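The sequence and structure come first, and the explanation follows.

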Amino acid sequence: MAEIIGGYFTSHVPAIGGAIHRGDQQTPYWKPFFDGFPKVHEWLAKMKPDVAVVFSNDHGLNFFLDKMPTFAVGAAAEYQNEDEGWGLPLYRPFKGHPELSWHVIEQLVADEIDPLTCQQMLVDHAISIPIELAYPSVAEWPVRLVPIGINTVQHPLPSARRCLALGRSVHKALASWSGAERIVVIGTGGLSHQLDGERAGFMNPDYDRFCLDHLASDPDALTKHSIHDMVRLAGTQGVEVLNWIAARGALGPGAREIHRNYHLPISNTAAATVLLEPA
Amino acid sequence: MPTPPEPGARPEPIPGTTLFDGDAARKGYQLNAMCYSFNHKENREAFLADEEAYCRRFHLTPEQRQAVAKRDVLGMIAAGGNIYYLAKLAGIFGLNVQDVGAMQTGRTVEAFKQYLLDHARGT
C-alpha cells in the first residue's frame, strides 16, 4: 500500500527563486526565511517520499483567462517550466505520475468534484520554487508530481470548504492506491499578502497565526470564512492559503505539526514553512 | 466567526482592493491578453520596439492604452487589469512588486519597503 508520509507547506514568492539563483540564502534579509529549511531537508532525507501531490495556483503561465478552471489535475508524464515573462533561469522538467493522477481524477469525479484534466501542463514558480527549496542542489528531482491547480486568480474562487473537500477526496484516492509509493502532499503559496491596489503591501500576522494554529488540529476552522472575508483578512493574493487547506485535507483526518517557520516580509509577503505528519 | 453571505449578496467593499471578478475579467480581457503574451521574449522585444503598434495588435481600449502609456498601475486595474498579468508588463520595465506597490500607494520605493518591514513588529 502507498503511504502518505506527511505534508510540506511553503510560500512560493518568485523573489525566492532570485535569492537562490544569487546565493543570497545567508544574507540578513533572506536568512530568517531559509532557516526554515534545514529541518525540511532532514525530514525529507529520513522519510524519502517518491511522489509529491502538489496543490498550487497558476499565475498566467499555463492558464489564461480564455479558459480558467476552478480545479485542474495534471495527468502528464512530464511537466515543463517555462519563461513567465521575466526571462529567469528555468527549472528542470519534473516527471509526472499519470497512473496516480488518473486514479485521483477517478476518485474526484466519483465524489462529484469534477476537475479539468490536463495531459499537458506547464508548471510555474508555484511548484518549481517549493520543490527547489525542498531539494536544493540535487542532480535529479527525487519525486514524481501529481499537480493539482486551484483557481485563486479570477473570482468567484472555490470556497475554503470546497477546497478542503477537494483535498479530502484526494486523500481517499491516495489511501486506496495499491502501489508502494511514499507520498508527500504539498500546499504552496501565501500566507497573507496583497500586490494590487491602494492596499498593496497589506499583511496580517494575526490571521496567519490563526491559520497556522488550526491547520493541523482543526482545518475546518479555516473554512468558516467566506472568500470575501479571506481577501479582507489575508489580502487579494493571501487567498492562496486555499492551496494549504486543500493539501491539509489530502493529508488525512488527523495531523500534528512537527515544524513551523514564519517570517515577514519576504518581498511583499508573509512567508511560512510548515511540516505536518499524519496522526 | 462570520458566516458566509448568501450567494448574490454584496459584502462590504474592502478599502483599496478590487476583486478580479467576471466584470473585471471581461473588461480587462485585451489588456490581460497582451500581458500574457509577454511570457515570450520576442513579444517583450516587439513591445519595446514599437509600443503603439503592439498595443494596437491587442485592441486595447482607450482607457487601457492610456493607463499603459502613463505606466499607471491603478489605472490598469481600473481598466480590468489583473496583477498577475500586469506583473509581466512591469517586468519589461525592470520593475518588481515593491516598485509596483510604491506606485500604487503613492510612496517612494524606500518608504514602501519600510512599510513592509514595519509589519514585522509584534510578530
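The lining of the largest cavity divides into 13 nonpolar, seven polar and two charged residues; here Ala, Val, Leu, Ile, Met, Phe, Trp, Tyr, Cys and Pro count as nonpolar, Asp, Glu, Lys and Arg as charged, and the others, Gly among them, as polar. This is a predicted model, in which local features need pLDDT of at least 70, side-chain atom pairs count only at pLDDT 80 or more, and totals for chains, interfaces and linings use all residues. Residues are numbered from 1 along each chain as its sequence is written, chains are lettered from A and ligands numbered from 1 in the order in which they are written, and side-chain values use heavy atoms, with hydrogens and water left out.

A cavity is a set of points, on a 1 Å grid over the protein atoms alone, where a 1.4 Å probe fits but cannot get out, and its lining residues have an atom within 4 Å of a point. Grid points are joined across faces, edges and corners, and a volume is the space filled by probe spheres set on the points. Five cavities of 30 Å³ or more are found in the whole structure. The largest cavity holds about 180 Å³. Its lining has 22 residues, and A:Ser56, A:Asn57, A:Asp58, A:Phe63 and A:Gly149 lie nearest the centre. Two or more lining residues come from each of β3 (71-74) and β7 (144-150) of chain A, with β7(A) giving the most, four residues. Such elements are DSSP runs numbered from the N terminus: helices (H or I, at least four residues) and strands (E, at least two).

The second largest cavity has a volume of about 130 Å³. Of its 13 lining residues, B:Val73, B:Met76, B:Leu86, B:Ala90 and B:Val100 lie nearest its centre. In chain B, α6 (73-78), α7 (83-92) and α8 (97-105) each give two or more residues to this lining, and α7(B) gives the most, with five. The lining comprises 12 nonpolar residues, no polar ones and one charged.

Strands pair if DSSP finds at least two bridges between them. β2(A) pairs with β7(A) in the parallel sense over six bridges, and A:Ala52 has A:Leu145 as its bridge partner there. β2(A) also runs parallel to strand β8 (residues 182-188) of chain A, joined by five bridges; in β8(A), A:Gly187 is the bridge partner of A:Phe55.

How values were computed
On a 1 Å grid over the protein atoms alone, a cavity is a set of points where a 1.4 Å probe fits but cannot get out, and a pocket is an open set with protein on both sides within 12 Å along at least five of seven lines; lining residues have an atom within 4 Å of a point.
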